[in-house]
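Please keep the sequence and the structure at hand while reading.

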Amino acid sequence: MPELPEVETIRRDLLSRVVGRAFSRVRVLPGAERIVRWPSPAEFARTLPGRRIEDVSRRGKYLLFRLSDGRYLIVHLRMTGAILHRPKDAPDDPYLRICFSLDDSSELRYTDVRKLGSVWLVEEPEAIVGKLGPDALEGVTPQTLRSLIEGRSASIKAVLMDQRALAGLGNIYSEEALFLAGIHPRRLAKSLAVGELRRLGEAIREVLLEAMGHRGSSFRDYVDAEGREGQHQRHVKVYRRTGEPCYGCGTPIERIKVSGRSTHFCPRCQR
DNA sequence: CTTATTCCCTGATTGC
DNA sequence: TGCAATCAGGGAATAA
């Protein structure tokens, strides 16, 4: 499940590998048409060849390729998407959905078991990422956190996962940040005190930086641009640790539902 | 404006 | 052991 640390790991991998390269051929494989959200799959595949990749950036969980004609190729991996950079004669990758051939005999291969991911080719990236809140890796001050929770009656976990409030956190890292800050995921967001908001902001930053240091978490499908797994799944404190002892106090980690998502927490350390 | 629910999609896991 | 039901979950769409 690529969240901010996984997408950022891929971005950094791709920077050195594809910036300066041009697309030579683009194929949307049969059955994968739905992944191409804009324009039509045929126009998408026809327009990209000849365009050079000038930069790779990230907003929340979105990857943005700035192209030489000023347009942007935008990719969202959702649950099971991956972007692999391979030599063109490398063995086939399973679940290949879109193949971007580059002008140096390499390929960007978009693979996606469940076909839930999305790609766009647009002139104006704000049309896609404009609704996102501030990036979770930057600008998470107590003041911004306070502005996020104002006028909302949702739980703090729901707010952290709301990409229009804060962009980049999903289930894994919102749970980990709340554990680190000692905050119960069902707490009403607006009930948090200033000190708790400050701790939460620090926890978000710490969790994301540590996960990026481990090149992301590979619980199921996530791999980086070279097809390698991350290591942070070995370091999570609560995510998918139902029944296992809390590293802080030994109490078994519990699993509950919060705003429709399974949620893990320590009932003793997070009140 | 808000929050809650459904849907997408298929491999892995669970339950009988 | 076998097979069907359930689960996983980001975000869009829809309902309330």
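## The surface near DNA strand B

The surface near DNA strand B is made up of four nonpolar residues, one polar residue and five charged residues, where Ala, Val, Leu, Ile, Met, Phe, Trp, Tyr, Cys and Pro count as nonpolar, Asp, Glu, Lys and Arg as charged, and the others, Gly among them, as polar. The residues in question are R34, Y95, V113, R114, K115, L116, R152, S153, A154 and R220, a residue being near a strand if one of its heavy atoms lies within 4 Å of it. Of the atoms of DNA strand B that come within 4 Å of the protein, 81% belong to sugar and phosphate.

This is a predicted model, in which local features need pLDDT of at least 70 and side-chain atom pairs count only at pLDDT 80 or more, while totals for chains, interfaces and linings use all residues. Residues are numbered from 1 along each chain as its sequence is written, chains are lettered from A and ligands numbered from 1 in the order in which they are written, and side-chain values use heavy atoms, with hydrogens and water left out.

Several polar contacts, meaning pairs of N or O atoms within 3.5 Å, can be followed residue by residue. For R114, a backbone N or O atom lies 3.3 Å from a sugar or linking oxygen of DNA strand B.

## Pockets

A pocket is an open set of points on a 1 Å grid over the protein atoms alone, with protein on both sides within 12 Å along at least five of seven lines, and its lining residues have an atom within 4 Å of a point. Grid points are joined across faces, edges and corners, and a volume is the space filled by probe spheres set on the points. The largest pocket has a volume of about 800 Å³, and of the 25 residues that line it, M1, M79, M161, N171 and R261 are the closest to its centre. Its lining divides into eight nonpolar, eight polar and nine charged residues, and domain 1 (4-129) and domain 2 (142-265) each contribute at least three residues, with the domain bounds taken from an automatic or database domain assignment.

The second largest pocket, with a volume of about 170 Å³, is lined by 13 residues, and A82, P94, T111, D221 and V223 lie nearest its centre. Strand β6 (81-87) gives the most to this lining, with three residues; strands here are DSSP runs (E, at least two residues) and helices are likewise DSSP runs (H or I, at least four), numbered from the N terminus.

## The cavity and an aromatic pair

How many cavities of 30 Å³ or more does a search of the whole structure find? The search finds one, a cavity being a set of points where a 1.4 Å probe fits but cannot get out. The largest cavity has a volume of about 40 Å³ and is lined by F65, V75, I83, F100, L108, R109 and Y110. Strand β8 (residues 106-112) gives the most to this lining, with three residues.

The structure holds four aromatic pairs, in which rings of Phe, Tyr and Trp (its six-membered ring) have centres within 6.5 Å, with planes under 30 degrees apart counted as stacked, over 60 as edge-to-face and the rest as tilted. One of them is the edge-to-face pair of F44 and F100, at 6.1 Å centre to centre and 70 degrees between the planes. F44 lies in helix α2 (residues 41-47) and F100 in strand β7 (residues 96-102), so the pair ties together parts that are 56 residues apart in sequence.

Definitions and conventions: Polar contact = N/O pair within 3.5 Å; in protein donor to acceptor, adjacent residues only side chain to side chain.
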